Structure formats: structure tokens, C-alpha cells
Amino acid sequence: MKADELKTITSTFEEMKKQAELGWGELFNSDKAVIVVGAATCGRAAGAMEVVRALRNELKRQNLDCPVIEVGCMGHCYAEPIVIVSKPGYPPICYGHVNPVIAERLVREFILRDDPCLEFVLGALEENELIPSFADFPRAGYEKKVILKNCGQIDPTKIEHYIANGGYSALVKALQMPPDDLINEVKRSGLRGRGGAGFPTGEKWEICRSMPGKPKYIICNGDEGDPGAFMDRAILESDPHSVIEGMIIAGYAIGARYGYIYVRAEYPLAVERVQIALRQARKSKLLGKDILGGNLSFDIRLFQGSGAFVCGEETALIASLEGSPGMPEYRPPYPATSGLYGKPTVINNVKSLSSIPHIIENGAKWFASTGTEKSKGTAVFALAGKIVNTGLVEVPMGTTLRQVIFDVGSGIPGGKQFKAVQIGGPSGGCLPESALDVPIDFDSLTDAGAMMGSGGMVVLDEDDCMVEIARYFLEFTQRESCGKCTFCRLGTKQMLEILTDITNGQGKIEDIDMLETLAEDIMAGSLCGLGKTAPNPVLTTLRYFRDEYEAHIREGRCPALMCQELIAFYIIPDKCERSCDACIGTCTVEAISPNKKRIKIIDQEKCVKCGTCIVACPPQYDAIIKLSPPSEVPASEK
Amino acid sequence: MVAGYKGTSVTEEQAKIRQETKQTIKRFGRKRGNLIPILQKVQERLGYLPREAMTEIAEFLKIPEIDVYGVVTFYNQFRLNPPGRHAIRVCLGTACHMKGGYITLDAWKRRLDIDRGETTPDREFDLDTVACVGCCTMAPVTVVDNKPEGKVEPTKVDGILLAFEHEREGKGKKKKQ
């Protein structure tokens, strides 16, 4: 790079950064209070927008001038909607489970007067003497936020916030390095593809750069199709600029001029935020022709997927970008040699790309200092299912599953027993208690029969049936199979039919062998990852929970009391209270009626097994139970 | 083929669909890579992808109609029948399923008296499932008119329907006044 070009770039950026920092300082270091609301999709599902409206209305009513900022996901999804109030004289305080009424109280009692409403506090963001801070939480000892650093801290629709917090300075640094040095730096960092397969990112870039074809493309794979995973959604919604910055750096390194961000259509908010971010980046001359006044030109287009799981596979994703049905192609050639329109193309996951600015900014050594020998850096997991602290966590590679589930996630709610954790979605597997001490990295999880996948982690407890979850995933992969390979198309259908039979109590004991044979054949006879990994949920549940399969087949019994055909709801006459009608009123199909003694009885013919009555039965009676097999219900009530 | 085919009369509705499709797609470049964005835009405007619209798009991009139909039927997002006024999407992601999403789906089916992928005869509601909307922590989730609602169990299904009923009654009253 020529000296005057460098000068233009750095001076343009310095000016931009100065302005951004000025604005950020005015916002948070003034004598005004600032209210921050977590408004990513999960926050919105819990009612964050109603809270924002209530806050703004109440502030107006009280004639207060206090900015309300909508940020992304803070990771504490279990406590949504979340509000953070930063008032001069107090540490920034985070409130959980806020509703419009609490929001109004926060304005009247904390902002207007000086009562910080301690009863709604989740924790403070900084150490202080008044309120316990998040650093005192047990999870703080395990978490290390790199990719999620900005999530929930900045307004994702304001590029200034990103720049004021160190954003785009990695780009300026990268532009001063020759592309080969840049690739070497990424290689040295040991970053492996965060989409699940774990291919070294630097190597992929190097192959693509060395290819003669032109133009080259860079694609960000945000087609997060795994049910149960939402890390990419959270990053795109909360910190879209980190992905864009990573893409520009990648584009410069491999010599690409165009990039695509491929986002699922099921993520409308992510689509909107990325669009805004792209517009702002273009306006700030960080994207488009002559970036920051230098000679580099690079632009990004957003492409919305259309709801096909298989498009997460890179060749299928390319087919869909080209306007065809998303059917995978045989590899090699890999996209790095021949991808979009037959040109060299790098496809990276959202999390891989958003790691890039951090690697460039802090150096490969810094990044590689975290993690295990073969898997460097941090892993982001989406915790969901039967776990107390659902949400997003980022921990160093090598942390054990037990630490993530029981220390970070605070274990299983309701005093229930842990049964298994499902990792990696339909391609992954269910790991039991005995596998919990495995340190998480790409290779150890594969050895245990699961896989890293994109990072969805669904925790299952004693009420979850392992045969049913295997059936659920097979139903999913069977429906999403593109139909190209015979084994995947027909094999998964056979497996699904067998599993459905088992969950209906019509399984035969030889079905288990058949499942294993089919699984082997499907894995051998399928082209892409979807088919190759589709049998994993069945194989791991068979490996660790074979007794549940046998109970379904031999006794017609579902040990977890989940499979609808194998259970019946029953009211224990001795426990049922004559004067109570709670269950009758809530039954959605009017299947419950009292007998002559006013003891309630369920009409098994009418019952749809929705479980509403169990919730409604007051805990002091606790009279309704599930029985399996259904023949356990006394004959007099059938 | 119905519309535009030799000898068949083009009904008013079909002509209108063609007109609206034309309007929507004219700002796109005529290249194959734009097929999916075009389909998304047209569905956004019409609510679904009728045959006439697909024909129009095929002509616009100069590709066989079967290619358009192939793409439309491959991807879950596209629909071939008109939607209801309110879209009910039950999430069946892993977390939602394990927390009883299938029970919620049953409740919707029972209350609306339609199966997944169908629209009520009065075109008020259409019911479908979605693979995962990424709100796993709020499971079980139902997306009602693009707004994800958390913890939708059978009783909340009744609650949501009741709210719609009130809304309709409210509107009716206003009209009368």
C-alpha cells in the first residue's frame, strides 16, 4: 500500500472514530440516565416492545429527557424482557422479567426519585457495594465473551456505537497488511470453521486466494437451520457490523470484490438489522467503491433463504443463490476452487467471520491462548430446553458439558433429574450423564457420538422420551431431505416409520437391528452432511438409552410418560377434592366431569392428552397423574 | 395452462394477478439468480404464488415454467394457496417440541378445525408449522402474524383466539356507529 493511500485511510477513519466516541461519551457520561432494553427476537417474544413503549410513555408523562435504547441479545434469555438503567451515581443495574408496570415504576421510582427498585434487580454490570454484580455469578468464572462482547451492549442499528466500541479498527489494521500475511495470521490463530465441521478457516482462504478464477466471492452462511440453535440469529441481530467487518477483511485477504450474506427468511429481524447495517456501512464508506478513500472496493448483498434446512450445506446454499432448488453437489471440487457461478468462493459461518476482527485486532497469539490443543478460541452455545438459565453462553473450548449445564446454566428446573443433552441438532446426538465430563471441542464431541454442529444445546430431563426425540429428528431430516440420494430419501423414511411404530407401541424387537442397519447404509450412501449425519440421533439414543426402546417395544410403556399413544391421564379418587372444579374448567375438550360423589373422572375417549388439567390441579391435591401403559387406568373408568 | 393460453379466456382476477406480478418484478434484473428474491417479493405482495404469477415470472426470466414451479415447491417458505387474514405458525423446533409444541399444534388444529398447511373456510386464519424461529428459550412458541408469542400452551391458544374475536367485534361496532 502506498503511503498516501494509507494516510487517507487512517485519517478518514480516525475522524469517524473521534465522532463516534464523542457521541458515545455524551450518551453514557452525561448527567442523564440512560435506559437500555434487550430487543432481539427472544426479548420481543417475551414482550420487550411493550416495555419500550411503556418506558417512553412514562418518561414523556413525567417530562423526563432520558434516552431509551434498543439493543440486541444479552444472553440472559431466561430473564427477558431485560432492562438496564445507567443512572449517574449508581452502577449500571440490570432488571429481569420486566413488564410494562415494572417499567413505569422504574421511571417513577428510580429515574425520578432515587429508589433503585431492588426487588426486580437481576444484577449490576459493574462491581459495587450496593448490588451483587454479574461478575459474582457462578457463570462468570466460566464465560469468556469474545464474539458476544458487543451483543446487548450497543444499538445494532447505529454504526457509531460499533465504531465507538473498537469496531472497524481491525479493518484499518488489516488493510495495512499484505493479504498473505493476513491469511497467515488467521492460520496461526488456529480458528476452525464455526459452522460445525471445523475446517481451518485460514487454509480455506489460502486455497481460494491461490485459485486463478475471477471474480472471487465470499459468502457468510447465516442459514442457521438447526432447530434449537439461535447463536447466529443473536449475532446478526445484536452485532451485525462485526460480521460485515469480518467479511470485508476476508474479501481483502482472498481478493474478492463481492460478498453475500445468506440469512434465513425465518429471521425477519436479523434480515432487517443486516440491511440497516449494510446501508450505514456504505454511507460511511466502509463498504462499496474505494473503501475509506483507499483502493479497495468490496460490496455485500443480503440474500434471504427460503426455508430449506439443506441450504446450510455449502453447495446447496450456492445452488439456492443461483436460483435453483437447493440440492447439494458432489465435492470436490470444493467451493474454494469452484463455487458460486463456478468461481472460487469462500463460505464461512457467521461466528467464524465475527471472530476475524478480534483475531486481527488482538493478534493470533491472543486468540490461540484460549481453548484446547486442536480447537482454539471460544465456543458459543445456545442453551435451551429443561435448563434454568436458558440463553446464549460463550465459553473457552475445553470447558466440560457439566460446567456449561450445571454451573453456567444452573442445572435443571423443578428439581427434576438430568437425562441427556442434545448437541448439534439433527446431525448431532444425545449425550447422557456419563459423557458430561467430556471437554467440549470439535474432536471430543465427535468421538462421543455427537458433534459440535452450530452450537445448539437442548437439555432434556426425566420427562423427555429418548425414542420420541430420535423420532422427532428423523421426522425433521426426512422432511428436509432434498431427495437427491436414494438412501437419504427412502432410508430416512423407513427409519421414521419404524420409530413412529415404536412410539405408538407397535414396535417389534427386531426393529432395533433394522434401525442400526439402515443407519449404516444411509451414512454410507448419502452425498452431503444431511444424510451422512441424519442417523446420529438414533444411533446415540440406541447407544446410551437402549432400555427405553425396549420398554416401548416389550411393555408398551413410555418410561418418560411422553409418547401420547402410550399414556393416559388419570385422577386419583382418594386425592381428588370434592369441592374443587379446577380441572373441569380448564379442560380444553370438556372431557372431565364429576361422578355422584363429586370425584372428577376423565373420559378417556374424549381426552386429547394436552396436560392442561395437571397444571390446573392445585398442588395441595396433586391428584392427576399420567399412567403408562394406558391399560393401567382402572377398568371402571374406561 | 390457464392464463394467456391460446383459446382460453383470461378472467379478471387472473389478469389482475398478472398485472400485479409485472409491477412487482419489473425492477429486478432478468437473471436466474434473482428468481428467489423475485418469488419472495411477489409472495409478499400477493400473499401466495398463483399459477399466473409463476408463468409471468418464467416469461420474465426466460426460463421454463417447470423451473419456477420446481423452486417454489422445493422451499418451505413459498405457498400455492391463498393465506388467511391471520397467519398462525407453530414452531416445532427441538426445544418447542420437547416442551409440548405438538400439543399446541393439536390445540390450534382443534380450535380452527383445519390441518397444517390449510386455511379456514372464511379465510380468517391459516395454520402452518415452522422449523425453528430461534426463540428456543420461550418455548413453546407460536408466531402469530409475524410476532413470536412465547409459552403458547392450549389455554393461551384460546386466549389469542379470544383477542382476535374481541378485535373483530370492536371493529364491527365501530362500523355500525
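**Figure 1. Contacts across chain B.** In chain B, residues 24 or more positions apart account for 59% of the contacts with a separation of 6 or more; two residues are in contact if their C-beta atoms, placed from the backbone, lie within 7 Å. Of the 177 residues in this chain, 37% count as buried, where buried means that 20 or more other C-beta atoms lie within 10 Å of the residue's own, again with C-beta atoms placed from the backbone. What you see here is a predicted model: local features need pLDDT of at least 70 and side-chain atom pairs count only at pLDDT 80 or more, while totals for chains, interfaces and linings use all residues. To find your way, note that residues are numbered from 1 along each chain as its sequence is written, and that chains are lettered from A and ligands numbered from 1 in the order in which they are written.

**Figure 2. The helices and strands of chain B.** Chain B has seven helices and five strands. These are DSSP runs, numbered from the N terminus: helices are H or I with at least four residues, and strands are E with at least two. The C-alpha trace of chain B spans about 55 × 45 × 25 Å along its principal axes.

**Figure 3. The buried side of helix α8 in chain A.** Helix α8(A) covers residues 201–210, and its buried residues are T201(A), G202(A), K204(A), W205(A) and C208(A). They sit on the same side of α8(A) because they cover an arc of only 160° around the axis, the arc being that of the directions from the helix axis to the C-beta atoms. Here is a handy rule: an α-helix has 3.6 residues a turn, so residues three or four places apart point the same way. The partners that the buried residues of α8(A) pack against in chain A are α7 (179–189), β6 (216–222), α10 (240–254), β9 (345–349) and α13 (350–362).

**Figure 4. Where chain A meets chain B.** This contact takes 46 residues from chain A and 40 residues from chain B. On the chain A side, α2 (41–45), α12 (314–321), β10 (378–385), β14 (456–461) and α17 (466–480) each supply at least two residues. Which element gives the most to this side? It is α2(A), with four residues. The residues on the side of chain A that touches chain B divide into 22 nonpolar, 19 polar and five charged. Ala, Val, Leu, Ile, Met, Phe, Trp, Tyr, Cys and Pro count as nonpolar, Asp, Glu, Lys and Arg as charged, and the others, Gly among them, as polar.

Notes: A residue is buried if 20 or more other C-beta atoms lie within 10 Å of its own, exposed if 12 or fewer, and partly exposed in between; C-beta atoms are placed from the backbone.
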